[in-house]
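Subject: The two-chain model

Hi,

Here is the structure I promised to send over. Have a look at it first, and then read on for what I found.

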Amino acid sequence: MGTPPPATVPFYNDPKKRSILFQLLTLLMVGLLAFYLISNTLANVEKQSIATGFGFLEKEAAFEIGESALSYSAADTYGRALVVGFLNTLIVSLVGIIITVILGTLIGIARLSSNWLVSKLAAAYIEVFQDIPVLLQLFFWYAFFYNVLPSPRQAIHPIMGVFLSNRGLVFAVPETHPVYKYMGISVIVACVVVYFLRRWARQRQARTGQPFPIFRASLALVVGLPLATWAAGGAPTAMNVPVLKGFNFIGGANISPEFTALLLGLIFYTAAFVAEVVRAGIQSVSKGQTEAAKSLGLRPSQVLNLVILPQALRVIIPPMTSQMLNLTKNSSLAVAIGYPDFVSVAGTTINQTGQAIEGVALMMIVYLTLSLLTSAFMNWYNKKMALVER
Amino acid sequence: MAGTDIKPIKEVIKPPATSVGALGWMRANLFNNWFNSVLTLFTLYTLSKIVPAFIRWAFIDSQWLSTGEACKGADGACWSIIPANIRFIIFGFFPYESQWRPLVAMVLLIGLLFYSRNRDHWKKSLTYAWGAGLIIMGLLMKGGILGLAAVESTQWGGLPLTLLLSVFGLAAAYPLGVVLALGRASRMKAIKVLCIVYIEMIRGVPLITLLFMSSIVFPLFLPEGVTVNVILRAQVAIIMFTAAYIAEVVRGGLQGMAKGQYEAAESLGLNYYQTMRLVILPQALRIVIPPTVSQLISALKDTSLVVIIALYDLLKTTQSVLSNPTWMAFSSEAYIFVALIYFGCCYFMSSYSRRLEKELDRGF
């Protein structure tokens with residue numbers, strides 16, 4: 001009984017060969033398409049005599065930017081203008097993310113409240129704000145600032161030193177004094193100390209079982225150290241209060257209507273989604289966990305910190321991160337209401353230089369980098385928090 | 001045994017008045033501990049400040065059918081901006097005397113959507129009905145035959161444009177998304193990598209950049225003399241964008257499939273195409289209905305971004321009304337009206353998805 005001769009299969013019926021053939025064909029098609037588009041583009045660029053390359057970054061921008069974190073003037077280069085735009089995007093995203101997380105968490109908790117009224121109000125908020133396009137909300141707040149709020153002369157004046165008018169929000173800030181710089185440094189120092197203190201406290205508790213009032217100690221450090229610095233620096237109390245002069249305010253700090261409208265729109269929209277994320281996270285921890293923790297004799301704060309939060313956060317963090325990323329991407333809608341974010345500055349650059357391909361490519365690269373960094377962070381975090389199975 | 005006379009209980013002891021009825025409900029739901037009581041009182045106080053003022057503004061002091069000038073002195077809302085400009089807000093620059101055509105098209109679309117709600121109607125004839133309906137809608141919009149005056153697509157605007165961008169966007173993005181998800185799950189390296197690069201790239205950038213790409217970069221990609229309509233370009237950008245998100249949702253469903261399903265299908269001798277069509281996709285797509293619908297809802301909302309590349313969708317027509325000095329001051333009213341339209345559409349979709357989810361739940 002000899003083994004039967006191996007059946008000869010035609011190559012197109014052999015799964016391995018067929019898959020290679022199929023992949024080659026796909027790659028070939030994609031390659032051809034790319035070649036076609038690129039050759040068209042090159043021909044068009046040459047015909048319309050559009051400059052290519054990133055040389056324009058070195059040229060003079062010749063346009064003003066309303067708000068900038070760096071010193072910037074129209075005489076600076078396009079490169080610097082784009083950096084200013086990028087910083088504006090970062091500022092509005094960071095401020096937005098911080099407020100959104102707080103507001104969204106509060107609404108998410110309110111949604112689960114045993115108080116019927118509060119829970120229903122939170123549900124209505126979530127339903128309404130999720131279902132209205134964020135761009136419409138931005139337009140609404142922007143128009144609200146320009147049409148509904150009064151002029152600086154009749155500015156709304158809720159508390160001392162704060163004025164709300166159609167020129168934005170103006171408020172008093174402390175007069176510049178060297179001690180504030182040292183206060184900033186002392187906050188950072190306090191944070192570093194707290195980090196090591198927490199590590200030490202955890203290790204000691206693991207070793208000896210003795211707990212350490214870490215929350216109160218951290219709070220005292222982070223608040224107390226800057227206050228002590230302030231007192232040691234002579235406790236300056238001079239304030240730079242805005243005063244009405246002519247048609248506008250002089251002095252104080254000013255937040256423009258564009259920035260405020262963008263911030264409000266992004267916060268109210270994203271907070272509705274964050275609230276749902278938080279609600280799902282809290283509900284994912286079964287009630288038995290709370291009961292078990294209580295029956296072990298843990299205090300309510302310990303139940304929350306040691307049992308509920310670590311489990312809920314594992315569910316909350318991934319969708320929360322993607323909401324934060326959405327907020328960052330949605331901040332590009334600033335272009336529609338005239339806040340000079342990265343997309344807006346890049347749009348002006350495209351209009352002036354005519355180099356659309358480079359401009360749009362820059363926009364895509366910037367957001368892609370932000371996304372990839374965020375997802376890298378998320379993967380790291382997921383790995384750290386992943387359930388360690390027995 | 002006599003004498004122990006047990007009196008029949010004459011009166012049933014009722015629960016105390018404070019634990020049943022309205023009072024009991026309030027005790028249980030609003031005032032069950034001191035914190036909730038404070039919260040309730042605080043909320044009621046805040047509401048009492050806001051709600052009457054809003055009702056006064058929106059309904060009592062408001063103007064409904066007056067002229068723009070008459071509105072200026074009034075305290076309340078000026079809803080007159082809506083009836084005075086309704087035809088421009090809804091239809092944009094569509095020729096005035098032909099505006100019944102997009103209206104009929106929209107009614108047809110909404111009728112078809114309502115008819116398709118019921119799963120008993122999901123038959124082959126429904127597919128034909130949709131095909132015929134879409135063709136009729138296209139003819140109504142475009143005109144040019146049967147005595148209808150031809151209307152250039154540059155004149156399309158308002159609500160029909162929004163609905164067009166979303167309905168076609170969703171209809172085309174869904175199958176493309178499924179294909180991309182299958183590609184990403186494929187064992188063929190080259191195809192897998194291509195799909196991953198596409199999905200991650202699109203998901204990493206805002207829709208605005210894709211719209212910019214479609215409106216200012218894409219014309220450079222085409223050979224000289226070839227132009228593509230700007231609405232079509234925006235439509236393609238929306239489709240490409242939505243498809244990447246749908247692909248991620250569907251991938252979640254594919255990952256949720258047990259390996260046994262693939263093995264069982266293979267051992268029955270089904271090939272790849274049959275396995276996917278008959279075994280995997282019907283189950284995988286069912287478990288991802290809720291996230292799919294929320295993707296579709298955000299796609300509907302995202303069509304509003306075409307404002308930025310100056311297409312006259314619903315939001316843009318509203319804005320142009322507001323650029324008229326007569327109506328400039330009444331932006332809140334106009335935006336609330338548009339918000340109600342968007343809210344209605346999205347709410348319809350999300351409540352339908354909840355119902356569908358319940359109907360399709362087979363307990364596994």
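Please keep in mind that this is a predicted model. I'll start with how chain B is divided: its domain assignment gives domain 1 (95-150) and domain 2 (166-360). The C-alpha centres of these two domains of chain B lie 22 Å apart.

**Chain B overall**

Chain B has 15 helices and 0 strands. Its radius of gyration is 28 Å, well over the 21 Å that the globule rule gives for 364 residues, so chain B is more spread out than a compact globule. Along the principal axes, the C-alpha atoms of chain B fill a box of roughly 110 × 75 × 40 Å. Of the 364 residues in chain B, 30% are buried. If you count contacts in chain B with a separation of 6 or more, 68% of them join residues 24 or more positions apart.

**Chain A overall**

Chain A has 12 helices and 7 strands. The C-alpha trace of chain A spans about 95 × 70 × 45 Å along its principal axes. Buried residues make up 29% of the 390 residues in chain A. For contacts in chain A with a separation of 6 or more, the share between residues 24 or more positions apart is 66%.

One spot to look at in chain A is G55(A), in the loop between helix 1 (15-47) and helix 2 (78-111). Is G55(A) buried or exposed? It counts as exposed, because it has 12 C-beta neighbours inside 10 Å, and 12 or fewer is the cut-off for that class. T105(A) is 50 residues away from G55(A) along the chain, and their C-alpha atoms are separated by 46 Å.

**Where the chains meet**

The contact between the chains takes 42 residues from chain B and 46 residues from chain A. On the chain B side, helix 2 (34-60), helix 8 (189-204), helix 9 (207-221) and helix 15 (331-360) each supply at least two residues. Helix 15 of chain B gives the most to that side, with 9 residues. By class, the side of chain B that touches chain A has 30 nonpolar, 10 polar and 2 charged residues.

**The core**

The largest nonpolar core has 138 residues, and those with the most contacts inside it are L135(A), L136(A), L138(A), L262(A), I208(B), L211(B) and V250(B). Helix 7 (residues 257-283) of chain A gives the most to this core, with 14 residues. Domain 1 and domain 2 of chain B both give residues to the core, so it lies between them.

**Helix 4 of chain A**

Helix 4 (residues 134-148) of chain A has 15 residues and reaches 20 Å from its first C-alpha to its last, close to the 21 Å expected. Because 11 of its 15 residues are buried, helix 4 of chain A is largely enclosed by the rest of the structure. Among the buried ones are L135(A), Q137(A) and W141(A). What covers them includes helix 7, helix 9 (300-330) and helix 10 (334-337) of chain A, together with helix 14 (314-322) and helix 15 of chain B.

Leaving aside its neighbours within four places in sequence, L136(A) is in contact with S304(B), L315(B), Y335(B), V338(B), A339(B) and Y342(B).

Best wishes

Terms used
Residues numbered from 1 in each chain as written. Chains lettered and ligands numbered in written order. Predicted model: local features only at pLDDT ≥ 70, side-chain atom pairs only at ≥ 80, totals over all residues. Helix = DSSP H or I, 4+ residues; strand = E, 2+ residues; numbered from the N terminus. Rg over C-alpha atoms; globule rule 2.2 N^0.38 Å. Buried ≥ 20, exposed ≤ 12 C-beta atoms within 10 Å, placed from the backbone. Contact = placed C-beta atoms within 7 Å. Nonpolar A, V, L, I, M, F, W, Y, C, P; charged D, E, K, R; others polar. Core = buried A, V, L, I, M, F, W, Y, C linked by C-beta atoms within 7 Å. Domains from an automatic or database assignment. Expected span 1.5 Å × (residues − 1).
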